[in-house]
Structure formats: structure tokens, C-alpha cells
Number of protein chains: 2
Amino acid sequence: MNKNRLIALVVLTASLISGTGCSPAVRVDRDILFQASTIGALMKGIYEGQMTVGELRPYGDFGLGTFEALDGEMVEIDGKFYQVRLDGTVYAVPDSLKIPFAAVTFFDNDKAVNFDKQVDLNGLQAYIDTLLPGVNLFYAVRIDGKFSYMKTRSVPMQVKPYPPLTDAVKDQQVLEFKDVEGTMVGFRCPPYIEGVNVPGYHFHFLDKDRKQGGHVLECTTSGVIIVVDKTAGMLMALPDTPGFNKLNLGRGEPEGLKQVEQGK
Amino acid sequence: MNKNRLIALVVLTASLISGTGCSPAVRVDRDILFQASTIGALMKGIYEGQMTVGELRPYGDFGLGTFEALDGEMVEIDGKFYQVRLDGTVYAVPDSLKIPFAAVTFFDNDKAVNFDKQVDLNGLQAYIDTLLPGVNLFYAVRIDGKFSYMKTRSVPMQVKPYPPLTDAVKDQQVLEFKDVEGTMVGFRCPPYIEGVNVPGYHFHFLDKDRKQGGHVLECTTSGVIIVVDKTAGMLMALPDTPGFNKLNLGRGEPEGLKQVEQGK
């Protein structure tokens with residue numbers, strides 16, 4: 001936590017979860033990870049938007065997620081939302097667009113390091129781990145700079161009845177970049193959060209011009225700045241809908257999640 | 001959710017997690033389950049208090065937990081905190097007492113039913129399930145009335161180095177009541193919350209005079225009123241301490257937790 005941070009409190013009075021009459025009014029500070037719905041519900045095909053981008057905005061200026069009907073990868077950087085659709089190109093996002101799953105926070109620079117080594121995604125994650133006091137809190141991670149290689153994917157818009165995420169990603173499109181500049185946006189969530197969010201690291205990427213990107217499958221760094229934001233609070237808004245309430249969620253699906261996250 | 005509920009917003013500016021310089025300022029409405037730390041950390045023996053009762057108070061008027069050094073079972077009813085120490089007797093709780101783990105909310109009557117049948121704890125839980133739209137949200141449950149049988153336990157204060165909870169509960173003391181009036185205070189948490197909180201039901205009990213009680217191991221109802229409060233939001237404050245950060249928490253310990261919760 002950056003003790004010199006601007007404590008910009010945001011008072012929310014808008015309905016968090018549309019259509020349910022549920023209006024949690026929450027005042028969040030900068031060190032709370034807010035998440036809409038659960039990764040477990042997304043895995044089961046709950047792609048109906050639960051809140052709009054406009055409703056999500058007061059919870060953070062940095063984050064990732066997806067859109068109504070799984071229509072692409074969502075990235076938020078510096079308070080601006082981007083939609084990376086199937087072909088990897090970026091679209092502007094109207095505040096009315098709905099979100100079935102997202103995680104956002106207000107990003108603070110708690111620790112920043114210049115990292116000049118050439119490492120792959122595993123090496124990068126292992127290095128970031130050495131910057132953290134442990135893996136049991138939430139961490140937002142922003143990486144700006146050059147990548148000699150970047151491999152991203154995006155997902156195709158689905159039609160009802162929605163298939164589970166493991167099926168939906170079978171039609172993903174993969175994009176490969178060489179010598180690209182840009183920004184990786186992501187989180188490290190604790191291992192016990194299985195079923196709620198993605199344990200470990202989860203990154204989305206946008207190039208410097210914010211024209212192309214997607215969910216990060218692989219990369220090689222080539223001179224980046226890594227900034228970490230430690231986040232000890234977590235606020236979750238669940239969708240109180242028949243579709244969600246009737247899901248058989250169990251404890252989570254670690255194997256299916258790995259397949260979805262790694263795009264294999 | 002009770003749509004006619006009084007939306008009593010509480011603005012928190014006090015430090016949530018003492019000693020860390022971390023001051024999440026959160027404005028919570030009545031439909032958020034607030035929890036301090038995780039059940040996984042408690043299982044591993046993190047019994048150091050993370051916040052005081054006074055700091056917990058603005059997050060809810062109803063809940064359960066334990067105290068610094070595992071010194072008894074915590075119950076909050078109607079905004080009043082009770083400490084059930086090892087012998088099952090109840091003590092008043094100063095606001096300065098510390099809490100390593102707790103879950104609280106502002107309790108609203110979303111659904112109330114008179115339930116006259118004689119059922120055991122399993123039967124009671126199965127009946128409450130029929131009142132709910134599903135098991136994927138959080139539910140606070142308050143049960144007032146007569147019990148022909150009630151079996152509770154409390155736990156002994158521990159000394160450092162703290163043992164894991166499975167060891168600590170080996171010295172629990174069990175109390176049995178016949179034909180007792182009182183209040184069961186509890187939550188139903190979703191299955192995917194393993195490692196974060198207790199999946200399924202978790203009840204503490206106080207008798208009508210608030211003199212005796214503990215963690216509920218078994219009961220037989222004999223004319224009770226069951227009130228359910230649906231809660232779609234969850235706010236978690238993690239302890240940013242070396243002890244917590246360095247724990248090997250993994251995904252949770254379902255078998256150990258069952259043993260602890262059921263007192264076997």
C-alpha cells in the first residue's frame with residue numbers, strides 16, 4: 001500500500017446488480033479488489049451481464065473481465081475500458097455495456113521495479129513473486145514496456161443457451177506479436193480463492209496504441225517496468241438471479257480453469 | 001432482502017487492520033457479509049486478533065467468530081457481542097477485545113417462518129435449504145425458540161506458539177441442554193467459499209438469558225421461528241501480517257474443517 005496515496009473515496013449509490021432490486025451502496029477505498037460474480041459462474045456459462053461498465057467504474061480504474069455474451073476480453077487501464085473482440089482488435093466501450101464477470105481496483109504504485117531480463121510468462125510470474133511478502137493477499141500488477149514476444153487470445157461472442165467456458169474457448173482466436181510495446185494488466189489472487197476468482201496470476205494485454213491485445217497466453221519480456229499494488233480487502237457482488245442461484249458450483253473446477261486460462 | 005428495510009449506511013473510517021498502516025475506509029450497506037481474515041488462516045493457528053470488537057461493530061449487528069488466542073466462541077445478537085468461554089458461560093465483551101476471525105452482517109428479516117417440527121441439526125439445515133432460492137449466495141440465519149436438546153462446545157484459550165485449530169479443539173468442552181430456550185446465530189456460505197469461510201451452515205447458540213451457549217454441535221428443535229437474511233455481497237479484510245502472508249494455505253482443508261466444525 002502506498003501510504004502517500006490519494007485516498008479518493010467513492011460513494012456508490014447506483015444499483016450494483018441490475019434487475020434484482022438489490023442496491024448495495026458501498027463506499028470503497030483504493031485498497032479493495034472488487035469483483036462482479038465469480039469465476040466459477042463464468043466457467044458454467046453465466047455470461048449474462050450483471051452490471052454495466054458505468055456501474056463498475058466507481059470500483060476501480062484498473063482491471064480485467066469479459067462482456068455480455070462473452071463478447072471479448074475486457075481491459076481497464078487508467079480508468080478507461082477497452083473491449084478486445086475475437087480478432088484481437090480493440091473497441092471503445094460504452095458505459096451501458098454489461099459485464100458478467102470482472103475484477104477491478106484503484107491502482108496504486110506500492111512497489112515498482114525496472115526489469116530488463118528476457119523471461120517468459122512463467123519466469124515473469126516467478127520474478128514478481130519475489131517482490132511480494134507472500135501469496136495470501138490480492139495483488140494488482142501492471143507491467144509496461146517492451147516484449148520481444150506476446151501471445152494473446154480473445155473469445156467469440158456466444159449465443160444462448162450458453163455453453164460452459166471450456167467449450168466457448170475452443171473457438172478462441174490467438175494473436176502473436178513480435179517486438180511489441182504495451183501494458184499487461186492483471187492480478188495475483190491467493191490459492192484459497194479457487195472457485196471465486198483465478199488463483200495465481202491472470203493477465204490481459206493491450207499494445208501501446210491500445211489497438212490490439214487480449215488475454216495473455218505467453219510472453220517474453222524485453223525491458224519492462226513492473227508495478228505492484230498490494231490489496232488486503234476484497235468485495236464481491238454476487239448475481240442474485242435464478243441462473244446463478246441454481247448452479248451446481250461445488251468447490252470450483254481447477255482443471256477446467258487451467259485449460260481456459262492457459263488456452264490449451 | 002427486505003425491500004422495506006431501513007438502509008442504514010455506516011461510514012467507516014477506522015483502521016480495519018491494526019498495526020499495518022492499512023486503513024480501508026468502506027461504506028457498507030445492510031446486505032454485505034463482512035468477514036475478518038479467513039477460516040483457512042484460523043485453521044492454521046492464526047489466533048492473533050486482527051481488529052477489535054469496536055472496529056468490527058460498524059460492519060454488522062449479527063454474527064459469529066472467535067477471540068484473540070482462541071479464547072472462546074463469539075456471538076453477536078442485536079448489536080451486542082458475547083464471549084462464550086471454555087465452560088460455556090457467557091461474558092460481556094469490551095470493545096477493545098481483539099478478533100482473529102469473524103463474520104458479521106446487518107440482519108434483516110427477508111423471510112420468516114414458524115417451524116414447529118422436532119428435527120435435529122441436519123433436519124433443520126435441510127428445511128432451511130427449502131426456504132432459499134439456492135445455495136450460491138450468503139445467508140444469515142437466526143433461529144429463536146425452544147429446543148428440546150442443544151449440544152454446544154467452546155474452545156480453550158491457547159498459548160503461543162499456537163497449534164492448528166484441529167489440535168486446539170481436542171480440548172474443547174461440550175455442554176448439553178435439555179428443553180432450553182434461546183437463539184441460534186449463523187450463516188450459510190456457498191460451497192465455492194471453501195478456504196475463505198465455512199461452506200454450508202455454521203451456528204453458534206446463546207440461551208434466552210444470554211448466560212450460556214457455544215458453537216452448535218447438535219440440536220433438536222421444539223417450536224422455533226426461523227428468519228433468513230439473503231446477502232449477495234461479501235467484503236473480506238485480510239490480515240497483512242508476516243504470519244498470514246507466509247502461511248501455506250493451499251485451497252483449504254475440507255476434512256480438517258469438518259472435524260473442527262462438527263467437533264469430532
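This is a predicted model: local features need pLDDT of at least 70, side-chain atom pairs count only at pLDDT 80 or more; totals for chains, interfaces and linings use all residues.
I started with A:Ala69, which counts as partly exposed because it has 19 C-beta neighbours inside 10 Å. The cut-offs I used: buried means 20 or more other C-beta atoms within 10 Å of the residue's own, exposed means 12 or fewer, and partly exposed is in between, with C-beta atoms placed from the backbone.

Residues are numbered from 1 along each chain as its sequence is written, and chains are lettered from A and ligands numbered from 1 in the order in which they are written.

Back to the backbone. A:Ala69 isn't a glycine, yet its phi is positive, about 65°. I found A:Ala69 in the chain A loop between strand 5 (62-66) and strand 6 (73-77); helices (H or I, at least four residues) and strands (E, at least two) are DSSP runs, numbered from the N terminus.

Next, B:Asp78, another non-glycine with positive phi, near 50°. B:Asp78 sits in the loop joining strand 6 (73-77) and strand 7 (80-84) of chain B. Buried or exposed? B:Asp78 is exposed, with 9 other C-beta atoms within 10 Å.

Then I looked up peptide bonds. The one from A:Lys160 to A:Pro161 is cis, omega near -5°. A:Pro161 lies in the loop between strand 12 (138-154) and helix 4 (165-168) of chain A. In chain B, the bond from B:Lys160 to B:Pro161 is cis too, with omega near 0°. The loop holding B:Pro161 runs between strand 12 (138-154) and helix 4 (165-168) of chain B.

Why log these? Because most residues other than glycine have a negative phi, and most peptide bonds are trans.
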